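Here is a friendly briefing to read alongside the model.

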Amino acid sequence: MGNVKRWPVLAGVGVVVAAAGWWIVDEMPSVDEAVAREALPGIDGHLRAWLGTSARSGADVRWVCTQKVIETRPDGERVKIGLVANCDEVAKEGDGLVTRGGFRRQPMVYLVERTPSGYRVLDRKFAEDGAGYSPSVKAMFSWIGARRVLDGIGPDDPRSLSPAAFGLPENTPVRAWR
């Protein structure tokens, strides 16, 4: 008779485990590679244009950015693209390049919509600095996406792309500004 009473408890535990597993899988961030591939050029242009408003003057100064897409989340007809970006302000100096400043591992979420000519940026949010950093990341990303960001996932170093941004050979030296 004791074994008969255990079955409802075991069945209840099984249902709870299955529901928790379904919830975790449902919360898993995914990246729609096709959407990311199509939207990133517009996002990169939008980001560099925004950064360009603070760039020092000079025709030989450019912002070079790399992004790591963490998740793409449909939002009706639109898509939220959560990513982490590294950007450097780079200047041509002599035969080489010099990084003047920039930022690393900046979490952001872009809201984009598909248009006949590609994806158009509608809005963007940046993670807050200081004490608001962790809460803002948790509010911007899915639970697991936020964990990935907070655990340190990031894109490549923009210095690897800097020579190409200036039409220079890959082996062009890139040094930090003094």
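Ala 165 makes contact with Arg 62 and Val 64, leaving aside residues up to four places away in sequence. Please keep in mind that this is a predicted model.

- Ala 165 sits in helix H5, which covers residues 162-165.
- Is Ala 165 buried or exposed, or something in between? Its relative accessibility is 36%, so Ala 165 counts as partly exposed, given that buried means under 20% and exposed means over 50%.
- Although Ala 165 and Cys 65 are 100 residues apart along the chain, their C-alpha atoms are separated by 10.0 Å.

**The disulfide**
- The structure has one disulfide, and its partners are Cys 65 and Cys 87, with an S to S distance of 2.1 Å.
- This pair links distant parts of the chain, 22 residues apart: Cys 65 belongs to strand S1 (residues 61-75) and Cys 87 to strand S2 (residues 78-93).
- Which hand does the disulfide have? The torsion about the S-S bond of Cys 65 and Cys 87 is about 115°, so the disulfide is right-handed.
- Cys 65 and Cys 87 are both buried.

**Two residues of strand S3**
- Arg 105 lies in strand S3 and has a phi near 50°, a positive value in a residue other than glycine.
- For context, most residues other than glycine have a negative phi.
- Arg 105 has a relative accessible area of 30%, so it is partly exposed.
- Met 108 is also found in strand S3, and it counts as buried because its relative accessibility is 0%.
- What does Met 108 touch, not counting residues up to four places away in sequence? Its contacts include Leu 47, Ile 81, Gly 82, Leu 83, Ala 85 and Phe 103, and also Lys 125, Phe 126, Met 140 and Phe 141.
- Between Met 108 and Arg 124 the C-alpha to C-alpha distance is 6.8 Å, with 16 residues separating them in sequence.

**The largest pocket**
- The largest pocket holds about 150 Å³ of space.
- Its lining is made by Arg 73, Lys 80, Val 109, Tyr 110, Leu 111, Asp 123, Arg 124, Lys 125, Ala 139 and Met 140.
- Which elements give two or more residues to this lining? They are strand S3 (96-115), strand S4 (118-126) and helix H3 (133-140).
- Sorted by class, the lining of the largest pocket has five nonpolar and five charged residues, and no polar ones.

**Helix H4 and what follows**
- Helix H4 spans residues 143-150, and its buried residues include Ile 144, Gly 145, Ala 146 and Val 149.
- In general, an α-helix has 3.6 residues a turn, so residues three or four places apart point the same way.
- Just after H4, Gly 152 takes a positive phi of about 110°.

**The chain as a whole**
- The protein chain has five helices and five strands, and from the N terminus on they run α-α-β-β-β-β-α-α-α-β.
- The chain has 178 residues, and 35% of them count as buried.
- Among contacts with a separation of 6 or more, 60% involve residues 24 or more positions apart.
- The chain exposes about 10800 Å², and carbon and sulfur atoms supply 55% of that area.

Terms used: Residues numbered from 1 in each chain as written. Predicted model: local features only at pLDDT ≥ 70, side-chain atom pairs only at ≥ 80, totals over all residues. Heavy atoms only, no water. 1 Å grid on protein atoms, 1.4 Å probe; cavity = no way out; pocket = protein on both sides within 12 Å on 5 of 7 lines; lining within 4 Å. Points joined across faces, edges and corners; volume = space filled by probe spheres on them. Helix = DSSP H or I, 4+ residues; strand = E, 2+ residues; numbered from the N terminus. Nonpolar A, V, L, I, M, F, W, Y, C, P; charged D, E, K, R; others polar. Buried < 20%, exposed > 50% of the residue type's maximum accessible area, 1.4 Å probe, protein only. Contact = heavy atoms within 4.5 Å. Areas by Shrake-Rupley, 256 points an atom, 1.4 Å probe, with all protein chains shown as cover. Disulfide = S-S within 2.5 Å.
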